[in-house]
Amino acid sequence: METILLLTNTETDGSLVKPAREALHAAATLHKSLAGSKLVVGLVGESVQAAADSIAACPATRYFGVAGAEFAPSRYSTDAAAAAALCQAARATLVLAPATSRWNRVLPGVAQRLGGRVDGHVTGVGEAGGKPTVNRWYYRQRLEAALTRTQRPWFILVDPGSQKACECGGGTAAVEPVPVNPAPAGRRTTVVGIRAPQADAQTIRPDAPLLFVTGAGWTKKQADGRTHVAEAEKLILDFLKVTRASLGSSKSLVDLGGEGEAVLPFLSHLNQIGQTGATPRHAKGLSTCCHGEEPHTVGWRFIGERRAISLDPNCGWARGKADVLYVADAFAVVAKVNQLLAAHP
Ligand SMILES: Cc1cc2nc3c(=O)[nH]c(=O)nc-3n(C[C@H](O)[C@H](O)[C@H](O)COP(=O)(O)OP(=O)(O)OC[C@H]3O[C@@H](n4cnc5c(N)ncnc54)[C@H](O)[C@@H]3O)c2cc1C
């Protein structure tokens with residue numbers, strides 16, 4: 001009989017982020033499909049009551065919490081100690097957590113401490129022959145596998161964006177406090193603060209409905225024989241401002257910076273989509289000035305609807321990789337779209 005633990009942290013305001021609710025959705029799905037299983041929740045943070053209350057109507061039967069100021073920041077030693085204590089208190093056999101940088105970093109070590117196993121980048125959970133299964137992609141999102149394990153506890157890191165967020169209602173949860181006393185060595189790392197780019201400088205927005213991808217064409221010579229990088233920069237930034245889309249890039253465009261060519265300064269390798277870049281999840285995607293080659297389009301695997309603007313009617317997008325291809329000048333199209341969006345926000 002499986003005991004499924006949803007393990008996550010609370011934010012500084014006591015809330016749960018969307019990836020945590022998505023992991024809860026996966027945990028509840030697994031609970032529903034595994035006869036006789038129990039669902040419990042384990043929370044880590046400065047305070048955990050408000051978060052537990054916010055999901056009190058979910059099918060979990062018990063809530064465990066590790067609370068205190070030292071558990072507020074993301075820090076390996078305190079997070080690992082808290083996670084191990086919660087797993088033991090809950091006698092968890094399956095542990096689901098959001099695959100955020102915080103839990104990706106910690107749970108492999110916790111699995112090792114507790115003699116368990118861990119799988120990352122999980123995009124689905126289910127049941128086969130009464131056993132829990134997980135789905136994940138291999139070979140840069142080209143092959144999907146469903147697998148199961150006999151070892152317990154089994155730690156399952158659920159990729160953000162792969163699940164619906166649990167919308168179970170709130171209520172009052174009776175949180176059972178779990179005492180954790182991190183060894184003195186666990187306190188030798190002091191978190192002094194967070195440095196993050198300003199909201200407007202942050203162009204990677206995993207929650208945005210639209211992914212806007214820029215390609216090397218934006219920096220290439222145009223019909224007049226000249227490049228128009230400053231104009232491209234303004235068009236792209238204006239588009240992002242009005243749409244709040246997430247910004248992706250082809251490899252060629254981000255590589256150009258390293259080669260000393262004029263490039264768009266707000267792009268880094270973190271924006272790169274593709275085989276050697278990211279595979280983000282968005283409802284829609286718009287590629288501009290990209291050729292749509294295979295390594296690049298691998299990154300579009302989880303984009304619901306794909307559109308592209310390219311001058312080349314024979315580009316990869318035209319060969320079945322885009323749902324809609326506009327054979328057009330992206331400078332002209334984006335300028336017009338920006339104008340229309342500004343007029344009808
Ligand atoms: C092993 C391997 C891994 C790779 N991994 C990745 C990866 O992860 N991600 C990735 O992106 N690439 C990757 N690549 C590179 C990939 O194969 C392509 O070389 C790259 O994606 C091409 O970038 P691009 O489309 O921006 O540029 P280009 O191929 O130069 O295409 C530019 C396009 O812009 C169009 N254009 C120019 N001006 C305009 C205009 N005014 N309006 C509209 N269209 C215009 C042109 O018609 C052209 O189609 C990888 C390659 C290899 C070999």
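Predicted model: local features only at pLDDT ≥ 70, side-chain atom pairs only at ≥ 80, totals over all residues.
Entry 1: I found an open sheet of nine strands with mixed pairing, in the order 7-6-5-8-4-1-2-3-9. At its edges I noted strand 7 (143-147) and strand 9 (175-177), each of which pairs on one side only. From one strand to the next, the twist averages 35°. A reminder to myself: strands of a sheet pair through backbone hydrogen bonds, either parallel or antiparallel. I then looked up strand 4 and strand 8, which run parallel and are joined by five bridges. Across from Ala97 I found Leu157 in strand 8.

**Entry 2: helices on the sheet.** Helix 1 (residues 18-33) packs on the sheet, and its direction makes about 155° with that of strand 4. Helix 4 packs on the sheet too, touching strand 1, strand 2, strand 4, strand 5 and strand 8. I read about 170° between the directions of helix 4 and strand 8.

**Entry 3: a closer look at helix 4.** Where does helix 4 bend? I found a bend of about 30° at Leu107, with Pro108 following within four residues. Leu107 is buried, and so are other residues of helix 4, including Trp103 and Val110. Helix 3 (76-90) is among the elements that cover the buried residues. After the helix comes Gly115, with a positive phi near 70°.

**Entry 4: a helix pair.** Last, I checked helix 5 (residues 229-243) and helix 8 (residues 330-343), whose axes lie 10 Å apart at an angle of about 35°. Their crossing is left-handed. Among the contact residues are Leu235 and Phe239 of helix 5 and Phe331 and Leu341 of helix 8. I sorted the contact into nine nonpolar, two polar and two charged residues.

Definitions and conventions. Residues numbered from 1 in each chain as written. Heavy atoms only, no water. Bend = angle between axes of the 7 residues up to and from the residue. Helix = DSSP H or I, 4+ residues; strand = E, 2+ residues; numbered from the N terminus. Buried < 20%, exposed > 50% of the residue type's maximum accessible area, 1.4 Å probe, protein only. Contact = heavy atoms within 4.5 Å. Axes fitted to C-alpha atoms, helices over the stretch in contact; angles between N-to-C directions. Left-handed = near helix turned anticlockwise from the far one by under 90°. Nonpolar A, V, L, I, M, F, W, Y, C, P; charged D, E, K, R; others polar. Pairing = 2+ DSSP bridges.
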